[in-house]
Amino acid sequence: MFTLDCDRAYLYAHPERDLTADEQSRYEAALAERARGVPAQYITGHQEFWGMDLIVAPAVLIPRPETEHVIETVLELETSDVRPQTSAKTRGSEVRRLRSEVRIADVGTGSGCIALALAKELPDAEIHATDISAAALEIARANAARHQLEHRIQFHQTDLLAGLKPDFDFIVSNPPYVGESEEDQVQLEVREFEPRVAVFAGPKGIEVITRLISQAQAALRPGGWLVMEISGTIADGVRGLLDGWQEVHIASDLQGIPRVARARKPRG
Ligand SMILES: C[S@@+](CC[C@H](N)C(=O)[O-])C[C@H]1O[C@@H](n2cnc3c(N)ncnc32)[C@H](O)[C@@H]1O
C-alpha cells in the first residue's frame, strides 16, 4: 500500500499487477529499513490516532493506542464535570456556554496527537500545546494544518508549562516516563529510533512527572484536573507525588497495566 500509494481494496482487486522496476526498488528499500529495525511508521511517515491520520517522523514519538485512554479520560471528566461557578439549577445553553470556556494544556505534545484529538472532540475549548523540541512542534503544527485544526491550538516551545497563562481546567500530558536505569528493558526499536527526550525522563523515570505535578499545581484552577499517561513501574511513585490532591485515580489500560493517572486540584 505504501509503495503503490493505494488502499488495501486496490491490492485485492489487482492481484495480477506487477511492480515496475522503480516500485520494486522502493519496496526493497523500505523492507531493508524495516529489517534494520526502523519502525514502520517512520518509513511510511504515518500513524493513525483517534481516527486521524497523523504525519510522524523521527523527531516525534509514534502515537500509541494506549494514549487514547488519556483522551477518553478527559472527555469523561469534561462531560461529568460542571464548572464550580455553575449553579445546580443551571441547565441547557448556560451549561454549554460555561463548558465552552474550558481551557486545556497538552504538555509534551510531540506529533500533536492529544491536542488534536481534544480539539476535534471539544470544538469550543481553548487548547494550548507545548513541547521543548522545536522539531516536534513543527510536525504537530503540520498535523494541525492537515486536519484544519491549526486555528484551534496555540503551540508553545517551552519547558513543560513555563510562561503559560494559568487557570487551566485540564492539564493533560503523556510525558517522558522511562528511567535510564531500565533502558535495557526498553524495546530496541524505541531505544534506537524514537527521540530520547520523548522517552527517557532521567535516572528513575519519574523526574519529568515530578516537575509537571508541581507546575500543574500552580497552573490549574481550583477544581481543575491533571490527567497523565504513566507506566506500571512508576505508578506508586506517582500516587505518592499526588498526595494532597483530590479524587486521585490510576486507571489501567487494556493489558491491565496502570496507565492513566488523574487527580483534581483541591478547591481551596
Ligand atoms: C512521550 S512523548 C509524547 C508525545 C505525544 N504527546 C504522544 O502522546 O504521543 C513526550 C514529549 O514530551 C516532550 N518533552 C520532553 N521533555 C519536555 C519538557 N521538559 N517540556 C516540554 N516538553 C517536553 C518531548 O519532546 C516529547 O515530544
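The sections below take the basis of the model, the helix pair and the ligand site in turn.

## Basis

This is a predicted model, in which local features need pLDDT of at least 70, side-chain atom pairs count only at pLDDT 80 or more, and totals for chains, interfaces and linings use all residues. Residues are numbered from 1 along each chain as its sequence is written, and side-chain values use heavy atoms, with hydrogens and water left out.

## Helices H4 and H6

Helix H4 (residues 68–80) packs on helix H6 (residues 113–121) at an angle of about 35°, and their axes are 10 Å apart. Helices here are DSSP runs (H or I, at least four residues), numbered from the N terminus. Axes are lines fitted to C-alpha atoms over the stretch in contact, and angles between N-to-C directions run from 0 to 180 degrees.

The contact (heavy atoms within 4.5 Å) involves Val70, Ile71, Val74 and Leu75 of H4 together with Ile114, Ala117, Leu118 and Glu121 of H6.

## Ligand site

The ligand is surrounded by 20 residues (a heavy atom within 4 Å), and the closest are Gly108, Asp131, Asp159, Leu160 and Asn174. H6 and helix H9 (196–199) each supply at least two residues of this shell.

Which side chain has an N or O atom 2.6 Å from an oxygen atom of the ligand? That side chain belongs to Asp131. A polar backbone atom of Thr109 is 3.2 Å from a ligand nitrogen atom, and a backbone N or O atom of Ile132 also lies 3.2 Å from a nitrogen atom of the ligand.

Terms used:
A polar contact is a pair of N or O atoms within 3.5 Å; within protein, one must be able to donate a hydrogen and the other to accept it, and residues adjacent in sequence count only if both atoms are side-chain atoms.
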